[in-house]
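Let's take a walk through this model, one piece at a time. Have the viewer open and follow along.

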Amino acid sequence: MQLWLDSLIAHGVFGPHPSHEWVYTIAITIACALVLMLVALPFASIVTWVERRVWARIQSRIGPNRVGPNGFLQWLADGVKHVCKEDLIPSEADARLFKLAPYLVVLAFILPWAVMPFSSGLILADLNIGILYITAVPALTVVGILMGGWASNNKWSLIGGIRSAAQIISYEIPAGLSIFPIVLMTGTLSMQGIIRAQGWAPDRWFIFANPFCFVAAFIMFISSLAENNRTPFDLPEAESELVAGFATEYSSMRYLFFFMAEWGNMFIAAAIVVTLFLGGWQFPLLTRSAVVMNALQFVAFMVKCLFLVLVSMWVRGTLPRVRIDQMMSLCWKYFVPISFINLIGTAVWVAIFPDGNAIVRWGMLAFGVAIAVLFASRVITFTRRSGMELYLRPTI
Amino acid sequence: MSAFHTEEMTLNMGPQHPSTHGVLRFVIKADGEVMREAIPDVGYLHRSIEKIAEKVGYHGFMPYTDRVDYVCAMFTNQGWAMACEKLANVTVPRRGEYCRVVAAEFNRLASHLLTVGLMGMDIGAMTPFLHALREREMINDLIEELCGARLTFNYMRIGGVAWDLPPGWREKALAYLDHLAPILDEFNSLFSYNKICIERLANVAPISAADAINYNLVGPNLRASGVNWDVRRDLPYSVYSELEFEVPLGAGEWGSQGDAMDRYMMRIREMVQSSRILRQALAQMPDGPVLGKVVRNFKPAAGECQVRVESARGDQGWYVVSDGTAFPQRVHVRTGSFAAMGMIQKLSRGLMIADLVVLIASLDVIAPEIDR
Amino acid sequence: MAVANSYFRNIKDAVVSIFDGMAVTASHLIRRPFTIQYPDRMPVRVQDTLPFRYRGILDVDLEICTGCLACDRACPINCIAMAIEKNAQTREIVISQFDIDMAKCMYCGLCSEPCPTGAIHHTTEFEGADYSLESLIRRFIVEPVVAYKPKKGPEPDEDVAKLLGRGMKYVDEWAQPGSDKAPAAAPKPAPATSPASNEKVP
């Protein structure tokens, strides 16, 4: 984008002698606002519709299908309803912190959009520490949730907030450790750099590069589920124990802010995994037109991210919740040691095969395809055995 | 660490809560996540049903027995009917007894489906809850055809049952049982054998056999602790002596004997056994009347009687005292959930708050049965 | 060594069981949902799909009500309020009040059982919600009605015969002895029942 702005300045679009800093600053502000308004916030809202429909089909139900075509405007109706609700602040609650907490959580959701690599040209800021930035910033949610839990003046909220703090902080470690194998292989922390090091074909994706990266991908995905407070790690908002955990005392838009951040973070988590392991926006070089290529890359990126978001919803519909001590033992006894082994293994691998190994790559790809085929066969077995009627259309 | 001041937190898991099974209240004294004690507080659902019996008479009390435990209404119906029949020496015709067994076992299936589904919901998996309820809806459809209602059945009468099986019902019932068997396997794959579920339920609040007997636990809770007692087999009533079924016992395969996983798996296994009983009963049903001759103005001889029925929640005792008039003098129901509540305070020491929810769900506590 | 074994077994169990669980839910994604979309996207009204024995809101066919007060006596919650008078000259029973308080009714069906003609019966209607409690008291008598006297032979009046047919279908099916060999006995045609018969019906 900087090159494009430079060419515009050279053509005199902004006047004879504009200040480069001002032009850049204003342009990037407008671009950020556009991305947020057009991509981030609509996504966080529309994904609720998708989640409810997907969740409902998993549970043999239908899900919202009345408001708008196939229930597409349900999120709008929910948003309007929440805005019209009474804004309750408990009298004994710490009002300033109570009001501030949702904004911090939403801030943690909004900041990573600056480094989202939508395509080779569409990135707001290709920081050379991109992946580190995107892993560090969501830690702001800890502050927000702790604040919300404490300021509610409610013991159940406090328990929820503290559980969440412990959970997010603990799972930052396997998440961070799972990034490092990729950094070792590419030598750069920048998002675009990592994507450019991969290819469009699945065998070139880092997930199949070596067995350590394969395991690291899953650990990264599961840790990101834990960071977002998604089932099976939704202890902080465990509905059946703590009502709504840290968000119990929140009503109307403040409540929605917490959950908008959670749903939006699903996308960011998916984007991280896609960037690191699944080839990002890479698309075969079909034309020389930059616009068309960018558009196709954007589509590729979105498809991959949305698939992972779908997997995240699917996992939510399947698994029960872990208990706090089990979650801790899972992180520290299982994920952290395995992440370290991945890191060391990848380091050794990079030392032995600096450019990767075609046999291992294709072998891992074949392994991945075999798992997918096995999965499909299990699905068919269950469907046939249950004797229930098939219904393949997504809408009803 | 002694200089670090810590306080015990008193929490109120109030009568309105998404996961207490009905209106229950617990006062939890907790040290962080680990509980020192959870003191149950019951009585929010007390409706004086036992006193109402003294006003409405013997026939009129039958719909009220549905409300004693609305999830297992057939068993409460049967208990009351058996108590009145014992007082007045009424014999129930054989077909009536078989209809009772069929209705009761379907109700057992429905109740256990609800329990295992609620266990899923309580530990966070919403999907098994809805799958279980879908199957329960199909049973409700069947029973709706049989007696007209889906929850408070009022199906049994003193001296038999109110309705015979409608034409075509037996085939629908058998088709349902065929449909249920693979669905139960699927449910197990989705939920019961899931590692997270096993981790959440295994080794949570194991109850020893001696404790179970001392605290009056009954039903699947008792059998999970290894005590081999089932009223259907040991004090046979109705026509259970003519039917073949196994009584599953807990053996601690996933954790320790008598833990929450055992109690939960008891219900899954009992569902399989209920299917077996149902197939036999539907096949063996003799012809004949379904309701014996009982006068409308029911006045049993003065006296008292006690009757025990194996409901889905366990051994349910009905104690009726008659003074020779048309209204009973005293009716008392002894339910399994009431005894289970008594044990929660002892079991909760050292559990985590998340485990309390699992404990209540595994004991299959239903609030209307506690408070009546 | 046992610790290492259990460590790897835990991982294996977790992976396998979660794999299976995800397969089950994926299989549900392609199945037909069980929900029926009541009330607007249904081919038939739900009320018409309910079984014959369904215990919905009570209704009274006054044309065939014999004024025997058996339902009033049988109701455990006293939601039926009836008032009858015996006209001394014509020896007819006149019903001047027949109120059913649906707010108290618990849909148990005990009133429809002793009815000799099946006048009081449960319909398949269940949508009775309303804004005021008073509207739930169904008052069936507008002006005093002469009670029905069951005929010795078949009922001559066609409309009354239709009502009587429906009513007696219920009365005959209730506590009917059953058989699995022969088909269920067809309901008897409009029979000659007398008010005295409700004594021997259990």
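Start with a helix and what packs over it: the buried residues of α1(C) are covered by a set that includes α2 (20–58), α12 (290–318) and α14 (358–386) of chain A, together with α5, α6 and α7 (195–201) of chain B. Those buried residues are C:Ser17, C:Gly21, C:Met22, C:Ala23, C:Val24, C:Thr25, C:Ser27 and C:His28. "Buried" here means that 20 or more other C-beta atoms lie within 10 Å of the residue's own, while 12 or fewer makes it exposed and anything in between partly exposed, with C-beta atoms placed from the backbone. Helices (H or I, at least four residues) and strands (E, at least two) are DSSP runs, numbered from the N terminus.

A word on bookkeeping: residues are numbered from 1 along each chain as its sequence is written, and chains are lettered from A and ligands numbered from 1 in the order in which they are written. Keep in mind that this is a predicted model, where local features need pLDDT of at least 70 and side-chain atom pairs count only at pLDDT 80 or more, but totals for chains, interfaces and linings use all residues.

Back to α1 of chain C, which runs over residues 2–29. Its 28 residues reach 40 Å from the first C-alpha to the last, close to the 40 Å expected at 1.5 Å a residue (the expected span is 1.5 Å times one less than the number of residues). Further on, in the loop between α1 and α2 (46–49) of chain C, sits C:Pro39. A cis peptide bond joins C:Tyr38 to C:Pro39, with omega about 0 degrees.

Now for how chain B meets chain C. Here 36 residues of chain B are in contact with 32 of chain C, contact being C-beta atoms, placed from the backbone, within 7 Å. On the chain B side, the elements giving two or more residues are α1 (49–60), α5 (126–147) and α6 (169–192). Five residues, the largest share, come from α5(B).

Two residues of chain B deserve a look at their backbone. B:Ser48, in the loop between β3 (34–41) and α1 of chain B, has a positive phi near 55 degrees without being glycine. B:Asp364, in the loop between α13 (353–363) and α14 (367–371) of chain B, also has a positive phi near 55 degrees and is likewise not glycine. Which of them is buried, and which exposed? B:Ser48 is exposed, with 11 other C-beta atoms within 10 Å, whereas B:Asp364 is buried, with 29.

Terms used. Contact = placed C-beta atoms within 7 Å.
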